[in-house]
Amino acid sequence: MKRIIALFAITLVAASSLVPISNAADNKKADDTKPVRILFVLGSPPFHDIRTLPPILEKVLDQVGGFQVTRLEPPKDKPPDDPEHMLKLADIKRSDYDVLVFYTSRYELNELQERALTQFLEDGGGIVGIHGASLSFPKSKVWMRLLGAQFTGHIPGTHPLNIVIADPKHPITAGVEPFTITDEEYKHKFADVDRHVLGRFRERPPSSDQNANMDIIWTREVGKGRVFYCALGHGKDAWENPSWQKLIVQGILWAASRPREVQIPKTETK
Ligand SMILES: [Zn+2]
(Lines give C-alpha, C1' and ligand atoms only; values in the text may rest on other atoms or scores of the structure.)
Protein backbone atom coordinates (compact mmCIF):
# COMPACT_ATOMS: atom_id res chain seq x y z
CA MET A 1 0.00 0.00 0.00
CA LYS A 2 2.79 2.41 0.95
CA ARG A 3 4.46 1.88 -2.41
CA ILE A 4 1.28 2.69 -4.31
CA ILE A 5 0.84 5.93 -2.43
CA ALA A 6 4.45 6.83 -3.15
CA LEU A 7 4.01 6.10 -6.86
CA PHE A 8 0.89 8.18 -6.90
CA ALA A 9 2.70 11.10 -5.26
CA ILE A 10 5.48 10.93 -7.85
CA THR A 11 2.95 11.00 -10.68
CA LEU A 12 1.35 14.07 -9.14
CA VAL A 13 4.63 15.95 -8.89
CA ALA A 14 5.61 14.98 -12.41
CA ALA A 15 2.27 16.11 -13.77
CA SER A 16 2.40 19.45 -11.93
CA SER A 17 5.81 20.25 -13.35
CA LEU A 18 4.40 19.93 -16.86
CA VAL A 19 1.75 22.60 -16.36
CA PRO A 20 3.41 25.63 -17.96
CA ILE A 21 4.32 23.90 -21.20
CA SER A 22 1.07 21.98 -21.71
CA ASN A 23 -1.02 25.09 -22.48
CA ALA A 24 -1.53 25.53 -26.19
CA ALA A 25 -2.47 28.99 -27.41
CA ASP A 26 -5.44 27.71 -29.40
CA ASN A 27 -8.85 26.92 -27.93
CA LYS A 28 -8.18 29.01 -24.83
CA LYS A 29 -10.19 31.84 -23.36
CA ALA A 30 -8.40 34.65 -21.57
CA ASP A 31 -9.86 33.74 -18.17
CA ASP A 32 -9.06 30.05 -18.51
CA THR A 33 -5.40 30.31 -17.78
CA LYS A 34 -5.23 27.38 -15.38
CA PRO A 35 -5.16 23.86 -16.82
CA VAL A 36 -8.12 21.55 -16.28
CA ARG A 37 -6.86 19.08 -13.68
CA ILE A 38 -7.89 15.55 -14.66
CA LEU A 39 -7.55 12.40 -12.59
CA PHE A 40 -7.65 9.54 -15.10
CA VAL A 41 -8.97 6.56 -13.13
CA LEU A 42 -7.96 3.27 -14.79
CA GLY A 43 -8.42 -0.41 -14.06
CA SER A 44 -10.17 -3.35 -15.71
CA PRO A 45 -9.90 -7.03 -16.55
CA PRO A 46 -7.94 -7.37 -19.82
CA PHE A 47 -11.05 -7.07 -22.04
CA HIS A 48 -10.52 -3.30 -21.71
CA ASP A 49 -6.93 -2.32 -22.39
CA ILE A 50 -6.03 0.23 -19.73
CA ARG A 51 -2.35 0.19 -20.74
CA THR A 52 -2.43 1.16 -24.43
CA LEU A 53 -5.72 3.06 -24.86
CA PRO A 54 -5.31 5.93 -22.33
CA PRO A 55 -2.17 7.31 -24.07
CA ILE A 56 -4.28 7.83 -27.23
CA LEU A 57 -6.59 10.24 -25.39
CA GLU A 58 -3.74 11.78 -23.39
CA LYS A 59 -1.96 12.64 -26.64
CA VAL A 60 -5.08 14.38 -27.95
CA LEU A 61 -5.47 16.31 -24.67
CA ASP A 62 -1.85 17.37 -24.90
CA GLN A 63 -2.28 18.54 -28.50
CA VAL A 64 -5.47 20.46 -27.70
CA GLY A 65 -3.74 21.98 -24.68
CA GLY A 66 -4.89 23.23 -21.29
CA PHE A 67 -5.07 19.92 -19.43
CA GLN A 68 -3.03 18.44 -16.62
CA VAL A 69 -3.52 14.67 -16.46
CA THR A 70 -2.67 12.48 -13.48
CA ARG A 71 -3.31 8.74 -13.63
CA LEU A 72 -4.70 6.60 -10.86
CA GLU A 73 -3.84 3.15 -12.16
CA PRO A 74 -2.64 -0.28 -11.05
CA PRO A 75 1.17 -0.50 -10.79
CA LYS A 76 2.75 -1.78 -14.01
CA ASP A 77 3.90 -5.02 -12.32
CA LYS A 78 0.36 -5.83 -11.17
CA PRO A 79 -2.60 -7.15 -13.23
CA PRO A 80 -4.68 -4.41 -14.92
CA ASP A 81 -7.61 -5.12 -12.60
CA ASP A 82 -5.59 -4.92 -9.37
CA PRO A 83 -7.90 -3.13 -6.94
CA GLU A 84 -5.59 -1.47 -4.43
CA HIS A 85 -5.17 1.91 -6.15
CA MET A 86 -8.95 2.34 -6.20
CA LEU A 87 -8.92 2.81 -2.42
CA LYS A 88 -7.51 6.29 -3.11
CA LEU A 89 -10.96 7.30 -4.38
CA ALA A 90 -11.97 7.68 -0.73
CA ASP A 91 -9.53 10.63 -0.47
CA ILE A 92 -10.64 12.48 -3.62
CA LYS A 93 -11.22 16.19 -3.03
CA ARG A 94 -12.56 18.93 -5.25
CA SER A 95 -9.55 21.11 -4.37
CA ASP A 96 -7.21 18.55 -5.97
CA TYR A 97 -8.98 17.88 -9.28
CA ASP A 98 -11.51 19.41 -11.65
CA VAL A 99 -12.61 16.22 -13.42
CA LEU A 100 -12.36 12.50 -12.71
CA VAL A 101 -12.31 10.47 -15.93
CA PHE A 102 -13.21 6.79 -15.39
CA TYR A 103 -12.10 4.03 -17.75
CA THR A 104 -12.73 1.22 -15.31
CA SER A 105 -14.68 -2.04 -15.08
CA ARG A 106 -15.77 -4.49 -12.41
CA TYR A 107 -14.74 -3.05 -9.10
CA GLU A 108 -16.59 -2.39 -5.87
CA LEU A 109 -17.12 0.90 -4.07
CA ASN A 110 -17.25 1.09 -0.30
CA GLU A 111 -19.24 3.72 1.56
CA LEU A 112 -16.24 6.03 2.04
CA GLN A 113 -15.53 6.02 -1.70
CA GLU A 114 -19.20 6.58 -2.54
CA ARG A 115 -19.32 9.50 -0.11
CA ALA A 116 -16.12 11.07 -1.49
CA LEU A 117 -17.29 10.83 -5.12
CA THR A 118 -20.71 12.28 -4.27
CA GLN A 119 -19.08 15.11 -2.31
CA PHE A 120 -16.67 15.77 -5.17
CA LEU A 121 -19.63 16.36 -7.47
CA GLU A 122 -21.64 18.36 -4.97
CA ASP A 123 -18.62 20.62 -4.51
CA GLY A 124 -18.63 21.40 -8.24
CA GLY A 125 -16.32 18.71 -9.63
CA GLY A 126 -16.96 16.78 -12.82
CA ILE A 127 -17.11 13.05 -13.53
CA VAL A 128 -16.63 11.65 -17.03
CA GLY A 129 -17.48 7.99 -17.53
CA ILE A 130 -16.15 6.20 -20.59
CA HIS A 131 -17.71 2.92 -21.79
CA GLY A 132 -17.13 0.39 -18.97
CA ALA A 133 -17.69 3.13 -16.39
CA SER A 134 -21.30 1.91 -16.33
CA LEU A 135 -20.09 -1.54 -15.28
CA SER A 136 -17.40 -0.24 -12.95
CA PHE A 137 -19.23 -0.70 -9.68
CA PRO A 138 -22.19 -3.03 -10.38
CA LYS A 139 -23.13 -3.32 -6.70
CA SER A 140 -23.15 0.41 -6.00
CA LYS A 141 -26.58 2.04 -6.24
CA VAL A 142 -24.90 5.36 -5.46
CA TRP A 143 -22.67 5.09 -8.53
CA MET A 144 -25.63 4.05 -10.69
CA ARG A 145 -27.52 7.17 -9.61
CA LEU A 146 -24.49 9.44 -10.11
CA LEU A 147 -23.86 8.08 -13.61
CA GLY A 148 -27.55 7.66 -14.44
CA ALA A 149 -27.47 4.01 -15.51
CA GLN A 150 -25.92 0.59 -15.19
CA PHE A 151 -24.63 -1.66 -17.97
CA THR A 152 -26.80 -4.72 -18.63
CA GLY A 153 -25.09 -6.32 -21.63
CA HIS A 154 -24.17 -6.29 -25.32
CA ILE A 155 -24.11 -8.77 -28.19
CA PRO A 156 -20.66 -10.32 -28.77
CA GLY A 157 -17.98 -8.36 -30.60
CA THR A 158 -17.79 -4.88 -32.06
CA HIS A 159 -19.96 -3.59 -34.91
CA PRO A 160 -20.20 -0.54 -37.16
CA LEU A 161 -22.68 1.62 -35.28
CA ASN A 162 -24.46 4.73 -36.52
CA ILE A 163 -24.67 7.47 -33.92
CA VAL A 164 -27.19 10.31 -34.08
CA ILE A 165 -26.84 13.52 -32.12
CA ALA A 166 -29.90 14.10 -29.94
CA ASP A 167 -28.96 17.66 -28.89
CA PRO A 168 -26.73 19.40 -31.46
CA LYS A 169 -26.92 22.70 -29.52
CA HIS A 170 -25.15 21.36 -26.43
CA PRO A 171 -21.49 22.49 -25.90
CA ILE A 172 -20.36 18.84 -25.82
CA THR A 173 -21.79 18.09 -29.28
CA ALA A 174 -20.68 21.41 -30.82
CA GLY A 175 -19.28 20.62 -34.27
CA VAL A 176 -20.00 16.88 -33.94
CA GLU A 177 -21.94 15.49 -36.91
CA PRO A 178 -23.73 12.12 -36.87
CA PHE A 179 -20.98 9.51 -37.21
CA THR A 180 -20.22 5.80 -37.55
CA ILE A 181 -17.96 4.03 -35.08
CA THR A 182 -16.85 0.42 -34.61
CA ASP A 183 -17.74 -0.45 -31.05
CA GLU A 184 -19.81 -2.58 -28.70
CA GLU A 185 -23.55 -1.88 -28.55
CA TYR A 186 -24.11 -1.35 -24.87
CA LYS A 187 -27.48 -1.76 -23.18
CA HIS A 188 -28.35 -0.18 -19.84
CA LYS A 189 -30.93 -0.09 -17.13
CA PHE A 190 -31.52 3.45 -15.97
CA ALA A 191 -31.63 5.05 -12.55
CA ASP A 192 -34.68 7.10 -11.66
CA VAL A 193 -32.84 10.39 -12.11
CA ASP A 194 -32.74 13.16 -14.72
CA ARG A 195 -30.50 12.61 -17.74
CA HIS A 196 -29.97 14.93 -20.67
CA VAL A 197 -29.43 12.73 -23.74
CA LEU A 198 -26.88 13.95 -26.30
CA GLY A 199 -26.48 10.88 -28.50
CA ARG A 200 -28.23 7.64 -29.45
CA PHE A 201 -27.78 4.62 -31.69
CA ARG A 202 -29.68 5.16 -34.94
CA GLU A 203 -30.38 1.43 -34.86
CA ARG A 204 -28.81 -1.59 -33.18
CA PRO A 205 -27.08 -4.41 -35.09
CA PRO A 206 -29.69 -6.80 -36.62
CA SER A 207 -28.90 -9.57 -34.11
CA SER A 208 -29.55 -7.29 -31.15
CA ASP A 209 -32.73 -6.18 -29.42
CA GLN A 210 -34.22 -3.41 -31.57
CA ASN A 211 -36.55 -2.36 -28.77
CA ALA A 212 -33.78 -1.67 -26.27
CA ASN A 213 -33.32 1.94 -25.22
CA MET A 214 -30.95 3.65 -27.69
CA ASP A 215 -29.40 6.25 -25.32
CA ILE A 216 -25.61 6.05 -25.20
CA ILE A 217 -24.33 9.58 -24.50
CA TRP A 218 -25.80 11.84 -21.82
CA THR A 219 -25.14 14.36 -19.08
CA ARG A 220 -26.31 14.78 -15.50
CA GLU A 221 -26.09 17.55 -12.96
CA VAL A 222 -25.44 16.60 -9.35
CA GLY A 223 -25.22 19.43 -6.80
CA LYS A 224 -22.88 22.00 -8.31
CA GLY A 225 -21.18 19.24 -10.28
CA ARG A 226 -21.57 17.70 -13.71
CA VAL A 227 -21.50 14.15 -15.06
CA PHE A 228 -20.87 13.15 -18.67
CA TYR A 229 -21.20 9.52 -19.78
CA CYS A 230 -20.35 8.04 -23.17
CA ALA A 231 -21.01 4.32 -23.63
CA LEU A 232 -18.66 4.20 -26.63
CA GLY A 233 -14.98 3.37 -26.12
CA HIS A 234 -14.38 -0.38 -26.10
CA GLY A 235 -11.18 -0.52 -28.14
CA LYS A 236 -8.67 1.21 -30.40
CA ASP A 237 -11.26 1.73 -33.20
CA ALA A 238 -13.29 3.94 -30.89
CA TRP A 239 -10.40 5.72 -29.15
CA GLU A 240 -8.91 6.69 -32.51
CA ASN A 241 -12.23 7.89 -33.93
CA PRO A 242 -12.05 11.72 -34.25
CA SER A 243 -15.77 12.16 -33.42
CA TRP A 244 -15.34 10.10 -30.26
CA GLN A 245 -12.23 12.08 -29.33
CA LYS A 246 -14.06 15.41 -29.84
CA LEU A 247 -17.00 14.25 -27.70
CA ILE A 248 -14.74 13.08 -24.88
CA VAL A 249 -12.56 16.21 -24.85
CA GLN A 250 -15.57 18.53 -25.02
CA GLY A 251 -17.25 16.35 -22.39
CA ILE A 252 -14.27 16.78 -20.06
CA LEU A 253 -14.37 20.56 -20.59
CA TRP A 254 -18.11 20.73 -19.95
CA ALA A 255 -17.75 18.57 -16.82
CA ALA A 256 -15.07 21.01 -15.65
CA SER A 257 -17.66 23.81 -16.12
CA ARG A 258 -15.42 25.28 -18.81
CA PRO A 259 -17.32 24.29 -21.97
CA ARG A 260 -15.79 25.15 -25.32
CA GLU A 261 -15.48 23.64 -28.76
CA VAL A 262 -12.07 22.22 -29.64
CA GLN A 263 -10.52 21.14 -32.90
CA ILE A 264 -9.16 17.60 -32.82
CA PRO A 265 -5.76 17.41 -34.54
CA LYS A 266 -5.67 14.99 -37.48
CA THR A 267 -3.72 11.82 -36.73
CA GLU A 268 -0.68 11.55 -38.96
CA THR A 269 -0.93 8.63 -41.36
CA LYS A 270 2.20 6.62 -42.05
ZN1 LIG B 1 -16.06 -3.14 -23.84
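In the predicted model, L161 has I181 of strand β7 as its bridge partner. This pair belongs to the antiparallel arrangement of strand β6, residues 159–165, and strand β7, residues 179–183, which are joined by five bridges. Strand β6 also pairs with strand β9, residues 196–201; the sense is again antiparallel, and three bridges are present. On this side of the pairing, I165 has G199 of β9 as its bridge partner.

The chain has 270 residues, of which 43% count as buried. Among the contacts in the chain with a separation of 6 or more, 76% are between residues 24 or more positions apart.

Helix α2 spans residues 54–64, and its residues L57, V60, L61 and V64 are buried. They lie on the same side of α2, because the arc they cover around the axis is only 100 degrees. An α-helix has 3.6 residues a turn, so residues three or four places apart point the same way. The packing partners of the buried residues of α2 are strand β2 (67–72), helix α5 (236–239) and helix α6 (242–255). The residue that follows α2 is G65, and its phi is positive, near 90 degrees.

Positive phi values are also found in residues other than glycine, including H131 and S257. For H131, phi is about 50 degrees. This residue is located in the loop that runs between strand β4, residues 126–130, and helix α4, residues 141–147. H131 has 29 other C-beta atoms within 10 Å and is therefore buried, the cut-off for this class being 20 or more.

For S257, phi is near 60 degrees. S257 is placed in the segment after α6, the helix that is one of the elements against which the buried residues of α2 pack. With 15 other C-beta atoms within 10 Å, S257 is partly exposed, because its count falls between the limit of 12 or fewer for exposed residues and that of 20 or more for buried ones.

Key. Residues are numbered from 1 along each chain as its sequence is written. This is a predicted model: local features need pLDDT of at least 70, side-chain atom pairs count only at pLDDT 80 or more; totals for chains, interfaces and linings use all residues. Two strands pair if DSSP finds at least two bridges between them. Helices (H or I, at least four residues) and strands (E, at least two) are DSSP runs, numbered from the N terminus. Two residues are in contact if their C-beta atoms, placed from the backbone, lie within 7 Å. The arc is that of the directions from the helix axis to the C-beta atoms.
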